[in-house]
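Subject: Structure handover

Hi,

Here is the structure I promised to pass on.

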Amino acid sequence: MKKKILLSIFSILFVSILIFIIILVSNQTELKKLKNEPINLPKNFTYTAHTGCVDTKDNSLEAIEIGAKFGADIIEFDLNFLPDGTPVLAHDKPKGNEITLDEAFKKVSEYENLKVNVDAKSVANLKAVYPLAQKHGIESRIFYTGIELKDVEAVKKDSPEASYYLNIDVEKPKKQTPEYLQSLVDEVKGCGAIGINFNKDNATKELVEIFHKNDLLVSIWTVNKEKEMYEILHLAPDNITTRNPDKLKEILD
């Protein structure tokens, strides 16, 4: 009985290791193929350093510095608000010890041409954002993501000067259906957004192409692994957001 159990455990381990090796070899073969294919990106392609990039703390001044260091065109951080309306960098409900948006914009102003993706986790006091950008002379360099349809009116009312992407959860079963893709285009156009911002898992060539045909931008997040980077780059979006701008820079260089 003990021999049978040991034999079963050994068989399971052997099969698991074999499957792992097959997947690893397959991935390496596919990666090699992707590396050899030409990458044709839009003229104004950008890449964004996600907050917390290169193992820095999320929503920290260091993350801004490191993103700029690795040549990112854009840095991203989360926007939230304290009970008194003060804008701060926080993904979840602020605790009161966060970096203020004022401090973050000041840091950004130290880097010429560095743009800011302000990922709005709240739209409670958007009217406080643009004046701070003006204070530090970066008002032409900010835009919003994290904006859903329910947030559009708040953006238009309280921060009409800034452009924004519409965040959409692309439905996997429909992502290659022409009718569905056109409905996404209509949704983005209808609300006045400059483009779509969505998760890498639902990215397709068809989606990118139909948005470009309608003069809309495509931004894809969060692309962290080397193979994913090559896959998404071959789709030719307008922007890629990554926690590893150092790796993406190596590929693009």
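**The cavity and its surroundings**

The largest cavity has a volume of about 30 Å³. Before you go further, keep in mind that this is a predicted model. With the cut-off set at 30 Å³ or more, the count comes to 1 cavity.

What lines the largest cavity? The lining is made up of Ala 49, His 50, Thr 51, Ser 60, Ala 63, Ile 64, Ile 75, Glu 76 and Phe 77. Two or more of the lining residues come from each of α2 (61–69) and β2 (74–81). The biggest contributor is β2, which gives 3 residues. Sorted by class, the lining has 5 nonpolar, 3 polar and 1 charged residues.

**Helix α2**

Two of those lining residues, Ala 63 and Ile 64, turn up again among the buried residues of α2, together with Ile 66, Gly 67 and Ala 68. As for what sits over the buried residues of α2, the cover includes β1 (46–49), β2 and α3 (101–108). After the helix comes Gly 71, and its phi is positive, near 75°.

**An aromatic pair**

Searching the whole structure turns up 2 aromatic pairs.

You'll find His 136 in the loop between α4 (129–135) and β5 (142–147). Although it is in a loop, His 136 has a relative accessibility of 16%, so it counts as buried.

Next, the strands. In β9 (residues 239–242), Asn 239 and Thr 241 point one way, while Ile 240 and Thr 242 point the other way. All four of these residues are buried.

Which strands does β9 pair with? One is β1, which runs parallel to β9 and is joined to it by 4 bridges. There, Tyr 47 stands opposite Ile 240 of β9. Another is β8 (residues 217–221), also parallel to β9 and joined to it by 2 bridges. In that pairing, Ser 219 has Asn 239 of β9 as its bridge partner.

Last one: Gln 176, which is found in the loop between β6 (163–167) and α6 (178–191). With 53% relative accessibility, Gln 176 counts as exposed, because the cut-off for exposed is over 50%. Even so, Gln 176 touches Leu 181, Thr 204 and Glu 206, not counting residues up to four places away in sequence. From Gln 176 to Ala 203 the C-alpha to C-alpha separation is 9.5 Å, and the two are 27 residues apart in sequence.

That's everything from my side.

Cheers

Methods:
Residues numbered from 1 in each chain as written. Predicted model: local features only at pLDDT ≥ 70, side-chain atom pairs only at ≥ 80, totals over all residues. Heavy atoms only, no water. 1 Å grid on protein atoms, 1.4 Å probe; cavity = no way out; pocket = protein on both sides within 12 Å on 5 of 7 lines; lining within 4 Å. Points joined across faces, edges and corners; volume = space filled by probe spheres on them. Nonpolar A, V, L, I, M, F, W, Y, C, P; charged D, E, K, R; others polar. Buried < 20%, exposed > 50% of the residue type's maximum accessible area, 1.4 Å probe, protein only. Contact = heavy atoms within 4.5 Å. Phe/Tyr/Trp six-rings, centres within 6.5 Å; stacked < 30°, edge-to-face > 60°. Pairing = 2+ DSSP bridges.
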